[in-house]
Amino acid sequence: DLSALGLREVASVPVFLLMTTRPGFSPPWPAATVVTQLQLGRLEASAIDAVIARACADRALPAAERALIAARSGGVPLYAHELVRAALELGRAGEVPSTLRDALTARLHQLGPSATGVAHVAAVAGREFSADLIAVAGGLDQAAVDRELDRLVAGEILTRRRGREREPLYQFGHALLQQAAYEELLATDRRHLHGQLADALLAGERAGRDPGAEIVAHHLAGA
């Protein structure tokens with residue numbers, strides 16, 4: 001494992017390395033390595049109230065809705081932030097999403113069916129993808145895909161960076177956004193898109209691109 005190898009290499013030099021993981025992570029390095037592991041707990045009520053206040057900024061949210069968001073967040077700042085955002089964007093008094101997934105899908109659907117459709121294809125595509133892959137795999141017009149990807153970036157659903165060939169590459173702003181979009185799809189639609197993505201990547205390979213064997217295998221397994 002790269003992280004375990006890196007820790008062995010830097011054990012005797014003054015290096016500060018900070019890594020974060022999701023719950024359930026099992027460290028691949030020996031227990032004797034010079035690693036301090038911190039388990040982050042849920043925030044206390046006062047800290048969650050501060051997160052909610054900051055997320056609201058200068059927009060009004062009734063005290064009852066703030067209290068409901070605090071209760072539903074369970075002390076998780078990401079949950080609180082997304083629930084506030086969804087409540088403000090829905091713009092209907094008293095309507096606070098019940099779960100984080102509801103909040104994330106509400107954000108997505110606020111952008112309309114075209115953007116949501118592109119996000120669904122992107123969610124199956126995986127961690128990082130290009131606009132042309134989404135267009136080919138989804139059977140969509142390239143100009144329309146570019147337009148909806150811009151809207152998804154502006155809506156903070158996706159982020160964008162330049163790849164090695166200066167081609168824009170996209171990924172979801174958070175893994176939970178990708179998961180929410182993926183889980184909205186019917187199983188048959190997921191399998192179809194996995195198959196389309198595998199075909200598109202293999203076509204790119206024949207044209208001289210390297211799609212990554214493990215990525216192609218992932219889509220073939222899901223088809």
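Select the lining of the largest pocket and colour it by class: the residues divide into 22 nonpolar, nine polar and two charged, where Ala, Val, Leu, Ile, Met, Phe, Trp, Tyr, Cys and Pro count as nonpolar, Asp, Glu, Lys and Arg as charged, and the others, Gly among them, as polar. This is a predicted model, in which local features need pLDDT of at least 70 and side-chain atom pairs count only at pLDDT 80 or more, while totals for chains, interfaces and linings use all residues. Residues are numbered from 1 along each chain as its sequence is written, and side-chain values use heavy atoms, with hydrogens and water left out.

A pocket here is an open set of points on a 1 Å grid over the protein atoms alone, where a 1.4 Å probe fits, with protein on both sides within 12 Å along at least five of seven lines, and lining residues have an atom within 4 Å of a point. The largest pocket has a volume of about 1,500 Å³, the space filled by probe spheres set on points joined across faces, edges and corners. Centre the view on Met 19, Thr 20, Thr 21, Leu 38 and Leu 40, which lie nearest the pocket's centre among its 33 lining residues.

Next, select the second largest pocket, with a volume of about 920 Å³. Of its 28 lining residues, Ser 130, Glu 167, Leu 169, Asp 210 and Pro 211 are the closest to its centre. Colouring by class shows 11 nonpolar, seven polar and 10 charged residues in this lining.
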